[in-house]
Amino acid sequence: MQIQFQEPRFFNRLRVLDGERTVMALNLGGADKDLFLMRPCVHPLYTPAGFPVTEMGAHNFPHHKGVWIGHAQVNGVNSFHDLVDAGWIVPVRVASDADVTCARIDLDLEWRDRRGTVVATEARRHEVRRAGPAHLLDMVSTLHASHGALELEVDNHSWAGCRLIDALDQDDGGRMCDSEGRESADAINGHPVRWVDVRGAIGGHACGAALMAHPASSPVPTFARFYGASLLNPTMYEPLTIVDGASWTFGTRIAAYDGSPPAADLHRWWSEADRDPA
């Protein structure tokens with residue numbers, strides 16, 4: 001794999017390629033009117049056959065952007081929605097490397113309130129690789145209480161999210177299920193899961209994506225919607241306090257796949273992420 005940086009003026013993103021085919025792009029964000037983005041996100045994310053599975057700024061809830069991390073109440077700062085008084089998550093350092101099998105992008109981030117005051121810092125690692133019919137994207141976030149204690153309050157709008165392309169969502173004929181055997185967004189929403197899977201077809205090509213919590217964090221409550229949004233949300237029912245100087249790590253894996261893999265394959269992709277996420 002290789003990583004290509006696209007010029008800041010119009011893109012400000014890193015693109016991962018496998019040969020001539022794009023695997024994913026990591027959009028870094030910025031305040032410029034031509035690339036306005038309040039927090040980094042992965043979009044598009046492709047299957048190995050080249051089919052995109054993510055949605056960016058959808059017709060509803062346009063703050064859902066591909067694969068992203070955010071929280072609506074961190075010390076009272078909303079770093080989830082695109083609002084004039086919301087906070088920003090800003091990259092201050094970017095490092096990347098790649099070999100024939102894997103690409104890695106590391107970000108150092110500042111969580112800032114709308115005035116620019118730093119509330120917290122974060123180290124975020126992205127690793128993507130091919131695994132048979134799937135691209136596996138690992139995203140590991142370590143949030144640091146570097147500027148005082150942090151309180152992540154109870155809120156539906158939290159933590160690791162994935163918004164899928166309309167062609168795959170339940171509303172357009174796709175199938176949503178979870179690791180515990182539940183089917184449909186209404187049945188899954190609010191329950192602890194290891195993974196949530198959504199599959200369907202794009203132009204007759206069977207494909208889908210599964211959002212997985214790292215085994216060290218599983219199971220975790222999930223926010224699931226029929227229009228293609230899923231969130232792994234550890235603060236859905238209980239707040240999380242990070243004392244001054246401490247940190248908290250949460251790992252996520254997204255499998256973007258071709259075909260219709262059985263649940264055993266999903267479980268294997270989930271369990272193979274069972275390593276120290278720090």
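Predicted model: local features only at pLDDT ≥ 70, side-chain atom pairs only at ≥ 80, totals over all residues.
Residues are numbered from 1 along each chain as its sequence is written. Local features need pLDDT of at least 70 and side-chain atom pairs pLDDT 80 or more, totals for chains, interfaces and linings use all residues, and side-chain values use heavy atoms, with hydrogens and water left out.

The chain contains 2 helices and 20 strands. Both are DSSP runs numbered from the N terminus: helices are H or I with at least four residues, strands are E with at least two. The radius of gyration is 17 Å, close to the 19 Å that the globule rule gives for 278 residues, so the chain is as compact as a globular protein of that length. This radius is taken over C-alpha atoms, and the rule is 2.2 Å times the number of residues to the power 0.38. Along the principal axes, the C-alpha atoms fill a box of roughly 50 × 40 × 35 Å.

Of the 278 residues, 54% are buried. Buried means under 20% relative accessible area, exposed over 50%, and partly exposed in between (1.4 Å probe, protein chains only). Among contacts with a separation of 6 or more, 59% join residues 24 or more positions apart. A contact means heavy atoms within 4.5 Å.

On a 1 Å grid over the protein atoms alone, a cavity is a set of points where a 1.4 Å probe fits but cannot get out; a pocket is an open set with protein on both sides within 12 Å along at least five of seven lines; lining residues have an atom within 4 Å of a point. Points are joined across faces, edges and corners, and a volume is the space filled by probe spheres set on them.

The largest pocket holds about 160 Å³. Its lining includes Phe10, Phe11, Phe36, His43 and Lys65. By class, 7 lining residues are nonpolar, 3 polar and 2 charged. Ala, Val, Leu, Ile, Met, Phe, Trp, Tyr, Cys and Pro count as nonpolar, Asp, Glu, Lys and Arg as charged, and the others, Gly among them, as polar.

There are 3 cavities of 30 Å³ or more. Cys162, Val196, Leu211 and Ile254 are among the residues that line it. Strand 15 (195-202) and strand 16 (205-213) each supply at least two lining residues. Strand 16 gives the largest share, 3 residues. This lining has 8 nonpolar, 2 polar and no charged residues.

Two peptide bonds are next. The bond from Ser158 to Trp159 is cis, with omega near 5°. Trp159 belongs to strand 12 (residues 158-163). The bond from Ser218 to Pro219 is also cis, with omega near -10°. Pro219 sits in the loop between strand 16 and strand 17 (220-224).

Positive phi values occur at two asparagines. Phi of Asn12 is near 50°. Asn12 lies in the loop between strand 1 (2-6) and strand 2 (13-18), and counts as buried at 16% relative accessibility. Phi of Asn75 is near 50°. Asn75 lies in the loop between strand 5 (67-74) and strand 6 (77-79), and counts as partly exposed at 38%.
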